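Please look at the sequence and the model shown here. The questions that follow ask on what grounds each description of the structure rests.

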There are 2 protein chains.
Amino acid sequence: MRADARRNHDQLLVAARAVVGEHGAEASLREVARRAGVGLGTLYRHFPTRDALLEGLLRTEFDALAARAAELGTAASPREALVTWLREGVAWTVEYRGATELMVAAIEDPDSALHASCVAMRAAGTGLLTRAQEAGAARADLDGTDLFALISAMAWLGAQPALAPRADHLLDVVVDAVCAPRS
Amino acid sequence: MRADARRNHDQLLVAARAVVGEHGAEASLREVARRAGVGLGTLYRHFPTRDALLEGLLRTEFDALAARAAELGTAASPREALVTWLREGVAWTVEYRGATELMVAAIEDPDSALHASCVAMRAAGTGLLTRAQEAGAARADLDGTDLFALISAMAWLGAQPALAPRADHLLDVVVDAVCAPRS
DNA sequence: ACCTGAACACCGTTCAAGT
DNA sequence: ACCTGAACACCGTTCAAGT
């Protein structure tokens, strides 16, 4: 890759992080290009879809979550590992308001730039869930997709200003439900 | 109101119901006006905001939900009344994909055209919840806003194509959590 | 009173023309 | 190779002009 191309690529990601932080995942792509000091066509050359651009932002975070799951898998009790990871996953997802819908859509769309990262994250959660289930510390009738769905829904909830004040408490309720051994 | 104004008003609602059904709550207002055979300014005269237009569509449904709560309050056991209403509330909310965000925003914005309807719906749910709590059939650490939030989040989940297949099951999990007497 | 549609300031996306 | 920005087809919203 040519030096100028690489610089543009990097500046686009920097600008995107700022703009998405301010306006959410539906932020204007024109504004990203503007802020990066780059033509609009250059943005499309580097990131042909909005997903591709977000993937550039989120990949490192996804990887961190998967790594965290591996760490918890050995460092904590099955129940505590699962609960901690659930809470951290929700907290992290709330940060990217608007990205939750994209994440959810990407998990069943193999063509999405976010697909691989989503699948990896689900796999990490599945590991923790299975371990907790084997220890009798989580409901047996849940799978990794359910966990992913619950994290997404609670993150959506936390991103709604009107509901955010109760989000932590409601997450407690859901965590209780996930960890109830019966059914 | 003049006869032509009334006819335009009604046709706008008919068109809006169709267009929102097809494209969700973010549907193009231009398309609504087009489909109603009406100038764009006429739409804005009758419904000055998008909320006002949606309110026209949703008010009857909100009222039905409140009435349903009253009915269940006398016809069913406290637990069953709450659970049935929760399920029906989620099922109904899923129908209006995209409207969930608006509903949630409206409940704390007194200027929203949807505000009164949202508050009434929350009040109806609060009645059922309180009754169930007094019967020891629901967690004591939940209030009407929590119920509203959980309904919204589960409706959001059900509206995501990738998660919809598990939505019913996850609602069961949440219902179990709401009805767990402890904590 | 009520209606219309042009006008304005924005989008996302594509692509001919430049270096 | 890579970049630019005009062009196209859309938005939401406002408002002067018409009946």
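The model is predicted, with local features requiring pLDDT of at least 70, side-chain atom pairs counting only at pLDDT 80 or more, and totals for chains, interfaces and linings using all residues. Residues are numbered from 1 along each chain as its sequence is written, chains are lettered from A and ligands numbered from 1 in the order in which they are written, and side-chain values use heavy atoms, with hydrogens and water left out.

Q: What makes a residue part of the surroundings of DNA strand C, and which residues are the closest?
A: A residue is near a strand if one of its heavy atoms lies within 4 Å of it. By that criterion 22 residues surround DNA strand C, and the closest are A:Arg30, A:Tyr44, B:Asn8, B:Gly39 and B:Thr42.

Q: Why is the approach of A:Arg30 to DNA strand C called a polar contact?
A: A polar contact is a pair of N or O atoms within 3.5 Å; within protein, one must be able to donate a hydrogen and the other to accept it, and residues adjacent in sequence count only if both atoms are side-chain atoms. A polar side-chain atom of A:Arg30 lies 2.3 Å from a base nitrogen of DNA strand C, so the pair qualifies.

Q: Which residues come nearest to DNA strand D?
A: Of the 21 residues around DNA strand D, the nearest are A:Asn8, A:Gly39, A:Thr42, B:Arg30 and B:Tyr44.

Q: How do you know that chain B and chain A are in contact?
A: Contact means heavy atoms within 4.5 Å, and 29 residues of chain B are in contact with 29 residues of chain A. The two chains bury about 2,700 Å² between them, 68% of it on carbon and sulfur atoms. Buried area is the accessible area (1.4 Å probe) that two parts lose on being put together, summed over both.

Q: Why is the pair A:Asp146 and B:Arg166 called a salt bridge?
A: A salt bridge is a side-chain nitrogen of Lys or Arg within 4 Å of a carboxyl oxygen of Asp or Glu. The N to O distance here is 2.5 Å, so the pair meets the definition. The count between chain B and chain A is six salt bridges.

Q: What makes the relation of chain B to chain A that of a two-fold axis?
A: A rotation of 180° with 0.0 Å of shift along its axis superposes chain B on chain A (RMSD 0.0 Å). That is the relation of a two-fold axis. The superposition is by least squares on the C-alpha atoms of residues with pLDDT of at least 70 in both copies.

Q: How do you know that the copies meet through the same surface?
A: The interface residues of chain B are 100% also interface residues in chain A, so the copies meet through the same surface.
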